[in-house]
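Here are some notes for a colleague who has not looked at this structure before. Please read them with the model open alongside.

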Amino acid sequence: VQLQASGGGLVQPGGSLRLSCAASGIRFSINAMGWYRQAPGKQRELVAVISSTGSTNYADSVKGRFTISRDNAKNTVYLQMNSLKPEDTAVYYCNTRPDLSYLWGQGTLVTVSS
């Protein structure tokens with residue numbers, strides 16, 4: 001049972017990244033999924049959510065820049081991040097929504113810097 005996030009890296013302000021999260025051992029298609037992030041010295045926060053039927057919601061700080069999507073055939077959830085800002089720098093995690101403590105993985109680091 002695990003969620004494996006990938007796709008992070010170093011990007012310049014204004015750039016884009018696409019994160020992926022592959023799920024195994026859970027009934028992926030029936031779960032709402034979320035992307036969360038934790039910046040240095042800050043608490044983890046919810047960034048985006050997608051329901052089992054595809055409805056989405058976003059934190060105000062990323063609305064209009066980030067897009068969450070899912071592919072149930074691949075048990076994968078994605079986060080397309082555009083117009084990245086330095087304040088988007090964080091470790092990004094995926095989990096169900098509500099989250100399950102045993103599903104927190106290592107996350108993937110996104111660094112936005114020139």
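**Notes on the predicted model**

1. Strands β4 (residues 33–38) and β5 (residues 45–50) pair in the antiparallel sense, with 5 bridges between them. The model is a predicted one, and what follows should be read with that in mind. Within this pair, Gly 34 has Val 49 of β5 as its bridge partner. The hairpin has 6 residues between its strands, and Gly 41 there takes a positive phi near 75°.

2. Strand β6 (residues 56–58) runs antiparallel to β5 and is joined to it by 3 bridges. One of the bridge pairs is Ala 48 with Tyr 58, the latter in β6. Between β5 and β6 there are 5 residues, and Gly 54 in the turn has a positive phi of about 100°.

3. Where do β4, β5 and β6 sit in the open sheet of 6 strands? The order is β2-β10-β9-β4-β5-β6, and the pairing is mixed. At the edges are β2 (9–11) and β6, each of which pairs on one side only. On average, neighbouring strands in this sheet are turned by 25° against each other, direction ignored.

4. Gln 38 has Val 91 in β9 as its bridge partner.

5. There is also an open sheet of 4 strands. Its order is β1-β3-β8-β7, with antiparallel pairing. The edge strands are β1 and β7, each pairing on one side only. Neighbouring strands here are turned by 15° against each other on average, again ignoring direction. Strands β1 and β3 are paired in the antiparallel sense over 5 bridges, and Ser 6 stands opposite Ser 20 in β3.

6. How many disulfides does the structure hold? The count is 1, and the pair is Cys 21 and Cys 94, with sulfur atoms 1.8 Å apart. The bond links distant parts of the chain, since Cys 21 lies in strand β3 and Cys 94 in strand β9, 73 residues apart. Both cysteines, Cys 21 and Cys 94, are buried. The torsion about the S-S bond of Cys 21 and Cys 94 is about 50°, so the disulfide is right-handed.

7. In soluble globular proteins, nonpolar side chains tend to be buried together. Here the largest nonpolar core has 29 residues, and those touching the most other members are Leu 3, Trp 35, Phe 66, Val 77, Leu 79, Met 81 and Tyr 92. Two or more residues come from each of β1 (2–6), β3 (17–24), β4, β5, β7 (66–71), β8, β9 (90–96) and β10 (108–112). The largest share, 4 residues, is that of β3.

8. Val 77 is one of the core residues named above. Leaving out residues up to four places away in sequence, Val 77 touches Leu 19, Ser 20, Cys 21, Phe 28, Met 33, Trp 35, Ile 50, Ile 68, Ser 69, Arg 70 and Cys 94. Both cysteines of the disulfide, Cys 21 and Cys 94, are therefore among the residues that Val 77 touches.

9. Thr 76 belongs to strand β8 (residues 76–81). Is Thr 76 buried or exposed? Its relative accessible area is 9%, under the 20% limit, so Thr 76 counts as buried. The side chain of Thr 76 reaches the backbone oxygen of Lys 74 at 2.8 Å. Beyond residues up to four places away in sequence, Thr 76 touches Ser 20, Cys 21, Ala 22, Phe 28, Ser 69, Arg 70 and Asp 71.

10. Phe 28 lies in a loop, the one between β3 and β4. Apart from neighbours within four places in sequence, Phe 28 is in contact with Ala 23, Met 33, Arg 70, Asp 71, Asn 72, Asn 75, Thr 76 and Val 77. Phe 28 and Ser 52 are 24 residues apart in sequence, and their C-alpha atoms are 8.4 Å apart in space.

Notes:
Residues are numbered from 1 along each chain as its sequence is written. This is a predicted model: local features need pLDDT of at least 70, side-chain atom pairs count only at pLDDT 80 or more; totals for chains, interfaces and linings use all residues. Side-chain values use heavy atoms; hydrogens and water are left out. Two strands pair if DSSP finds at least two bridges between them. Buried means under 20% relative accessible area, exposed over 50%, partly exposed in between (1.4 Å probe, protein chains only). A polar contact is a pair of N or O atoms within 3.5 Å; within protein, one must be able to donate a hydrogen and the other to accept it, and residues adjacent in sequence count only if both atoms are side-chain atoms. Contact means heavy atoms within 4.5 Å. A nonpolar core is a set of buried Ala, Val, Leu, Ile, Met, Phe, Trp, Tyr and Cys residues joined through side-chain atoms within 4.5 Å. Axes are lines fitted to C-alpha atoms, for helices over the stretch in contact, and angles run from 0 to 180 degrees between N-to-C directions. A disulfide is a pair of cysteine sulfur atoms within 2.5 Å.
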